[in-house]
Amino acid sequence: MRFVTVSGPPSSGKTAVIIKTLEHLKAAGRKVGVVKFDCLSTDDDELYQKNGIAVRKGLAGALCPDHYFVSNVEECVQWGLAEGLDVLVSESAGLCNRCSPHIREVMAVCVIDNLSGTGTPKKIGPMLKAADLIIITKGDIVSQAEREVFAARVRGVNTKARILHVNGITGQGSFELSTVWTEGEETATVEGKRLRFSMPAALCSYCLGETRIGSDFQMGNVRKMDLEMPTGTKTDGGPQDFTPGGGDS
Amino acid sequence: MSRELKSLTVEELLARWPFAQQFLGDQGHENLTDQPEAVLAEVLDSELLEQLGDFLADMESFLGTSEQKVSEVTIRGGRAKDGSDESVRELTVKVGEIVCIVGPTGSGKSRLLADIEWVARGDTPTGRHVLINGEVPGDKWRFDSEYKLVAQLSQNMNFVMDLTVQEFLALHAESRQAADPEEKIQRIWSWANELAGEPFGLDTPVTSLSGGQSRALMIADTAVLSASPVVLIDEIENAGIDRQQALEILIQQEKIVLMATHDPILALMGDRRVIIANGAMSQVIEPSEQEKANLTELRELDARLMGLRHRLRRGERLDTI
């Protein structure tokens, strides 16, 4: 079974791209399935089902969605194998832009849209930076110049990935994408594999359910902003704070 | 290349590859320009150095594309929707040519254009093959945004950036690493003004341009700054833009123009037109002498309608036309 992790900001077109792409694989006689990860609610599972795609959904609820993803991903892979799938896709939104579900030796896809602004590629961090394949959507409604500027910004952040333009509504580019998803290694398990980036440092009192505001209630991993620092200087929490996953690379 | 980069200082790096500044900025290292003496191996980790090497290599091949210019694109026929052989077995379009594509909705126009964009190798539903300069092209035409074969213009496209015309063009020129950006910006702006009936300034926000002005700017910008050798046009509206001159600008900038249109004037302006039916290219037609003569008449008709528009705009009555 081929396993593909798809991530991307909310509303970038992940679900539409996945549905259009899997349609081509289905037409070629392959069995396809999706595991959809979200936070509080999603109807996308019904959308997948309506399109004849086997689907399971996971709602992180009170947990950090990315921690929830990584704690469940092996079970998802085993579900896909038990269903006899040829291609399994996991879909998750990189909600705080700090995380990515991408796993070493598993095809990593990031979906990002032309309308999100030229600053976005730089902002969304590891889910774009650690991707093997970048899908740029919504190209049909912006100018050629904006598409070129946006693609150049994406290239500036990720120098290695293959870049494809796909339209989630018309499906333009989705056939091409489907051929890429059947390339590469089969995945029998992700047990023992490593995330490409470590998850964010957490565990402060708010992680544990604290709702009151004020220094007295803040414990654990807490950091204060430096409001003395004028705009234009290097701000807190920049890319230098990333700790690449594993640490043995 | 990363081995070679290690020993360079920031100043030497930027002197040789000015565009490295963009990379440093994107990677959150813009402050390095304040330390021109710093040696790269000391300020960048090995992974970043390797990425910088890749980026520079990409950019160099990207800037060098003019040497390996695309002069023609060939489409080798595949099969129709019913599996029969496509009637047109081979179509070659050269730089400076305009080919119109006509056919009813659902006939396969989009698939033809997608086959060209994806430089098909018999691996798409139509089984077509696309050659560049007579040769089977490499993977870079599929996956490197620097090598995109096709630039697209359609009536549904809008500017979404909150920038003035000047800032917008400067940003595009910068992302393309264009030589002499000032000259290019001036040229695009003045061409766009010639194409659009109503003039606009360099300080106009792109989002407040009219439909005709937007289209004019998109066409002039694509002609001058886009790297893609093929320009695909999905109709050009008839209002507020000089369509003939628009096509001439693209041709003059050595583009291959493919135009999906059902407008008789545009269709007759093409050097040839391809008829699409049942998922295949069924015929290639060259305009006849009679059609060319009719084009003159159609243009006169068009100019008359245009004149009436102007009169309406000025508040006149149309009792006599």
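How much area do chain A and chain B bury between them? In this predicted model, the figure comes to about 3300 Å², with 53% of it on carbon and sulfur atoms. On the chain A side, Gln144(A), Glu146(A) and Thr159(A) give up the most area to chain B, and together they make up 16% of what that side buries. As for who takes part, the contact draws 34 residues from chain A and 48 residues from chain B.

Charged and polar pairings run across this interface too. Six salt bridges turn up between chain A and chain B; Arg155(A) and Asp144(B) pair up through their side chains in a salt bridge, at 3.8 Å from N to O. Polar contacts link 17 residue pairs across the interface, counting pairs with both residues at pLDDT 80 or more. In chain A, the elements that supply two or more residues to the side touching chain B are helix 6 (144-157), strand 7 (162-165) and helix 7 (174-181). Helix 6 of chain A puts in the most, with 12 residues. By residue type, that side of chain A splits into 13 nonpolar, nine polar and 12 charged.

The largest nonpolar core holds 46 residues, and the ones with the most contacts inside it are Val165(B), Leu217(B), Ile219(B), Ile233(B) and Leu247(B). Helix 10 of chain B (residues 211-225) is the top contributor to this core, with eight residues. Setting aside neighbours within four places in sequence, Leu247(B) touches Ile98(B), Ile233(B), Ile236(B), Val257(B), Met259(B), Leu266(B) and Met269(B).

Terms used
Residues numbered from 1 in each chain as written. Chains lettered and ligands numbered in written order. Predicted model: local features only at pLDDT ≥ 70, side-chain atom pairs only at ≥ 80, totals over all residues. Heavy atoms only, no water. Contact = heavy atoms within 4.5 Å. Buried area = accessible area lost by both parts, 1.4 Å probe. Salt bridge = Lys/Arg side-chain N within 4 Å of Asp/Glu carboxyl O. Polar contact = N/O pair within 3.5 Å; in protein donor to acceptor, adjacent residues only side chain to side chain. Helix = DSSP H or I, 4+ residues; strand = E, 2+ residues; numbered from the N terminus. Nonpolar A, V, L, I, M, F, W, Y, C, P; charged D, E, K, R; others polar. Core = buried A, V, L, I, M, F, W, Y, C linked by side-chain atoms within 4.5 Å. Buried < 20%, exposed > 50% of the residue type's maximum accessible area, 1.4 Å probe, protein only.
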